[in-house]
Amino acid sequence: MSTITVRGLDDDVIRALKVRAAREGRSMEAEVRGILTAATRSIDAELGFGTFLSEAFNGVGAPDIPSRTDFPESVDLP
């Protein structure tokens with residue numbers, strides 16, 4: 001297992017991680033490990049854009065579009 005060091009985190013980020021870890025009843029290190037693991041697993045599960053759209057609009061029917069009745073007049077070209 002590898003170790004990484006993240007430098008330059010804002011104090012607000014550290015504070016938020018500590019609070020989040022406390023809510024979950026674990027250390028800040030364990031919380032960060034969980035966040036990173038979940039983030040990288042979701043990359044593998046990401047869908048292609050077409051699949052995403054298909055699933056997002058699944059069950060949505062086509063809109064009612066009235067037939068066109070007002071056609072423009074033809075233009076005679078020289």
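**Figure 1. A glycine follows helix 1 in this predicted model.** Helix 1 itself covers residues 11-24, a run of 14 residues. From first C-alpha to last, helix 1 reaches 20 Å. That is close to the 20 Å expected at 1.5 Å a residue.

Figure 2. Across the protein, pLDDT averages 85. At least 70 is the score of 92% of the residues. Where pLDDT is low, the predicted coordinates should not be read in detail.

**Figure 3. Glutamate 31 is a buried residue of helix 2.** Helix 2 spans residues 28-45, and glutamate 31 is found in this helix. Glutamate 31 counts as buried because its relative accessibility is 2%, under the 20% cut-off. What does the side chain of glutamate 31 contact? It makes a polar contact with the side chain of arginine 26. The distance is 2.7 Å.

**Figure 4. The largest pocket is lined by 16 residues.** The space in this pocket is about 540 Å³. Ile4, Glu29, Val32, Arg33 and Leu36 lie nearest the centre of the pocket. Helix 1 and helix 2 are the elements that each give two or more residues to the lining.

**Figure 5. Helix 2 gives the largest share of the pocket lining.** Helix 2 supplies 6 residues to the lining of the largest pocket. Which classes of residue make up the lining? There are 11 nonpolar residues in the lining. Another 3 are polar, and 2 are charged.

Methods:
Residues numbered from 1 in each chain as written. Predicted model: local features only at pLDDT ≥ 70, side-chain atom pairs only at ≥ 80, totals over all residues. Heavy atoms only, no water. Helix = DSSP H or I, 4+ residues; strand = E, 2+ residues; numbered from the N terminus. Expected span 1.5 Å × (residues − 1). 1 Å grid on protein atoms, 1.4 Å probe; cavity = no way out; pocket = protein on both sides within 12 Å on 5 of 7 lines; lining within 4 Å. Points joined across faces, edges and corners; volume = space filled by probe spheres on them. Nonpolar A, V, L, I, M, F, W, Y, C, P; charged D, E, K, R; others polar. pLDDT = per-residue confidence, 0-100. Buried < 20%, exposed > 50% of the residue type's maximum accessible area, 1.4 Å probe, protein only. Polar contact = N/O pair within 3.5 Å; in protein donor to acceptor, adjacent residues only side chain to side chain.
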